[in-house]
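Hello,

Here is the structure I said I would pass on. My notes follow below it.

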Amino acid sequence: MRTKQELGAAIRRDRRAALVVNAHSRRGRRLYDDARSRLVAAGFTLLGSYPVDRPGELEQRLADATDLGPDLLVAGGGDGTIGTAARLLAHRDVALGLLPLGTTNNFARTVGIPLDLDAAVAVLTDGKVIDVDLGLVGDTRFTNHVGIGLSADVMLAAPPRLKRITGRLAYPLTAVGLLRRHRPLRVTVRAEGRQHTFVTHQVYVANGGFHAGRPITADANADDRLLVAYPVGGPTRRGLLRETARNAASGRRRTLRDEPFLAVRQLWVETDRPARVEVDGEPYGETPIRIGLDPNALRIMAAAGSPDH
């Protein structure tokens, strides 16, 4: 497999790419033609170009694009699309290019990809190849987070039409409706020889630095060999709402050393009753689960000044 520097040089020199856009997403259908034309105008030779209208076809289209042998696979869509592409490209000699066309774009924010389409294409043109960590839940890799409890219920219940109309507001709107009948969980987290217990409606385990489009802390990122586990609020519904608002407002001012964050390399999560789990916004299963890291598993095209460890 080529070094990162060799792969980056090949992308800048040969411009051999393939494009897959989730045209079923909120912005994807409208922006597919724009993305394709901008990549061609930037000098890329598109070995294949795939708009995906049906969610069930995304993984196959990404595999088709990879089989064409590009140096750069450009994926346009939200966190679910990017996460699917990341799992496919882990430990492969292909860089992932990101066009953030989704609702919250957490992974793109974490790795510093601009949300503006022209600026994102400029990163693909002028950037460099770096590698970042992926999380592991069971044998499934993820880019952003694992959600246990209310968020998994919300992901299953949020109406697609509401997401298209309201964007990321769809999730809190759905959560408000579900919260009235949601019971708190007793969550046990075992990590690095210690046990932590929370009574809460919601626990997250993050690989990246953003959740719901907002920073988790000032120093969480996807290239630090750490997972960040944290409950949101305590047993009361009011506490959950208060802590959610506090997280959104104060993320940039907090660090991984602050409570209630646990920054570890792997952990085991149990709950007092089976709780639903979502991985990067997609249903996964139920607790108990083990969550770990796959260090430097994914190569991405990032801005020229991006740190790389």
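Which residues have the most contacts inside the largest nonpolar core? They are Leu-72, Leu-96, Leu-98, Leu-99, Phe-107, Leu-298 and Ile-300, in a core of 52 residues. A nonpolar core here is a set of buried Ala, Val, Leu, Ile, Met, Phe, Trp, Tyr and Cys residues joined through side-chain atoms within 4.5 Å, with buried meaning under 20% relative accessible area (1.4 Å probe, protein chains only). A second, separate core has 23 residues, including Ile-148 and Leu-267.

This is a predicted model: local features need pLDDT of at least 70 and side-chain atom pairs pLDDT 80 or more, while totals for chains, interfaces and linings use all residues. Numbering starts from 1 along each chain as its sequence is written, and side-chain values use heavy atoms, without hydrogens or water.

Leaving aside neighbours within four places in sequence, Leu-96 is in contact (heavy atoms within 4.5 Å) with residues including Leu-72, Ile-82, Leu-89, Leu-298 and Ile-300.

His-211 counts as buried because its relative accessibility is 19%.

Regards

Note on methods: Buried means under 20% relative accessible area, exposed over 50%, partly exposed in between (1.4 Å probe, protein chains only).
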